[in-house]
Amino acid sequence: MKVEQISIFLENRAGRLEEVTRILAENKISIRALSLADTSDFGILRLIVSDHEKAKKALKENGFTVGRTSVVAVEVDDQPGGLNAILQILSAGGVNVEYMYAFVQQSSKTAIIVFRFDKTDQAIELLQQKGLHIIPGDTLYNL
Amino acid sequence: MIFDVEMETLPREDLEALQLKRLQALVERVYANVGFYRQKFDERGIKPSDIRSLADLKLLPFTEKQDLRNHYPFGLFAVPKENVVRIHASSGTTGKSTVVGYTHRDVRNWAKLMARCFVASGASAKDIIHNAYGYGLFTGGLGAHYGAEELGATIVPVSGGGTKRQVMLLKDFGPTVICSTPSYALVLHEAAQEAGFSFKDLDLRIGIFGAEPWTEEMRRDIEDKMGITAIDIYGLSEIMGPGVGIECHNAQNGLHIMEDHFLVEIIDPETGEVLPPGEQGELVITTLTKEAQPLIRYRTRDITILNKVPCRCGRTTARVHRMMGRSDDMLIIRGVNVFPSQIESILLETEGLAPHYLLVVKREGNLDTLEIQVEVDEKLFSDEIKVLQRIEGKIVKNIKDYLGVTAMVKLVEPRSIQRSEGKAKRILDLRKQN
């Protein structure tokens, strides 16, 4: 039920992000979703891609530090209160969100929210009990 | 004025006769009481009786900082521990500090030598001395303190830090002499200006500056800004602390070495060969009178030039040029000695990293800054910002705790630190470029 996300350490200077997307483009890897967290000195780029094994290998070969993390993708109605419903469940279950990012699907009435939890397995259980749709990794990679 | 007219103006012949007598007694003493030296002498087949002239000094082995570390903490004491009345130590990671012991007479001698220094700088018993050298294990604070009291001057033991309060005391107590690192004096001066006055408005007339390298340009800058005479002082804890040498205010041209207590040589740091006066090399010091922890031919790693030309101040003692650099990779950051190897072991202890790192030293305003660039490898990396920031914070804290220096840590991408010939370049010192 988990989705594999790759994360890349980037120094906060011009050209570094472009280098990552160039490597992905050359290797014909599609980006499904992304978020960039930044500090004054460095940033962490988080990506869900069409082929994370290949992406990780290509980036590492080009000298990047790449990590892999399991995240959870949850489908939510694209309407007011959609995200709040999920967060209420998590909050009641004592699960903390480390970070999250969202995107809206083409030709669909739903959005997808990618979560990084402190207690991933517990969060999945809670959300499934409440009947929320968790999107499997393979579906997301091939969107 | 000269504090100890007899000793500071001894004719060269008499001085050298005294040095030889003291050297011979020293060699007897360390051979009898310090296992480390007995073994070293035996290995070279030297007996104390082989030292018949000052020229025989070159027969004796060198002592290195590492020897002090290897015998941590009290292994080089030449007297029973109960005769030691004071311990000082330099910063170091656990177990790696260099420790120095003093007997009662060592402390007394040190005070007398520092009193000589104050007088050489132009001070007298009438002066009020603002002592901003750090008190504690560092030798600066207490060294100057005892010297000022020996002289009969008034000492204000303010120690380092607390800039705003220092500025207030400089105004309220009206000190005439200030002791600090040269860069901290500039910081204090800036803070005074922010508070609406200049050092020129105060009674200050002499600054005694040491514990870090500075230049002739910096001296002129300080003198112009502050309206004082700026004097360079030299010392190192392994030998005693401040007071090994000082400039006289008459000439401000080279530091007079207290030669009746310290025998100095200049050597080629590569070959160990003794160089004649006038040639640049590493300063090597033998402590002639130290009781608790005498050192034979201690390699200071400081680069200078020896000058035996008599000085117009009347002192007959040899002078050394203001320190011109180091023959090792030691950095001096705001008066604190830092070796890259210490930083490396802290990085290893902090996260179990075998890191590629670069130490970037800059001078921002008047203060040295140390930035440690650490390459982020997969072991260190996390997808969460807070984890990386926690690591940065932990490194900063450990460096502060172990070394007493505030550093900044900057995480950088792998391979962004230059590798050269397999040996990484560890230091980028930008202070020398303006």
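What distance separates the centres of domain 1 of chain A and domain 2 of chain A, taken over C-alpha atoms?

Modeller: The model is a predicted one. In chain A, the domain assignment places domain 1 at residues 3-69 and domain 2 at residues 71-141. Taken over C-alpha atoms, the centres of domain 1 of chain A and domain 2 of chain A are separated by 23 Å. Eleven residues from domain 1 of chain A and eleven residues from domain 2 of chain A take part in the contact. On the side of domain 1 of chain A that touches domain 2 of chain A, the elements giving two or more residues are β1 (3-11) and β2 (31-38) of chain A. Of these, β2(A) supplies the largest share of that side, namely four residues. By class, the residues on this side of domain 1 of chain A are four nonpolar, four polar and three charged.

A contact in chain B may be set beside this account. There, helix α5 (residues 104-120) of chain B packs with helix α6 (residues 139-151) of chain B at an angle of about 75°, and their axes are 7 Å apart. Angles of 65 to 115 degrees count as roughly perpendicular, and α5(B) and α6(B) are therefore roughly perpendicular to each other. Residues of α5(B) in the contact include B:Val107, B:Trp110, B:Met114 and B:Phe118, while those of α6(B) include B:Ala144, B:Tyr146, B:Glu150 and B:Leu151. The contact of α5(B) with α6(B) comprises twelve nonpolar, two polar and two charged residues.

Notes: Residues are numbered from 1 along each chain as its sequence is written. Chains are lettered from A and ligands numbered from 1 in the order in which they are written. This is a predicted model: local features need pLDDT of at least 70, side-chain atom pairs count only at pLDDT 80 or more; totals for chains, interfaces and linings use all residues. Domain bounds come from an automatic or database domain assignment. Two residues are in contact if their C-beta atoms, placed from the backbone, lie within 7 Å. Ala, Val, Leu, Ile, Met, Phe, Trp, Tyr, Cys and Pro count as nonpolar, Asp, Glu, Lys and Arg as charged, and the others, Gly among them, as polar. Axes are lines fitted to C-alpha atoms, for helices over the stretch in contact, and angles run from 0 to 180 degrees between N-to-C directions. Angles under 35 degrees count as roughly parallel, over 145 as roughly antiparallel, 65 to 115 as roughly perpendicular and the rest as oblique.
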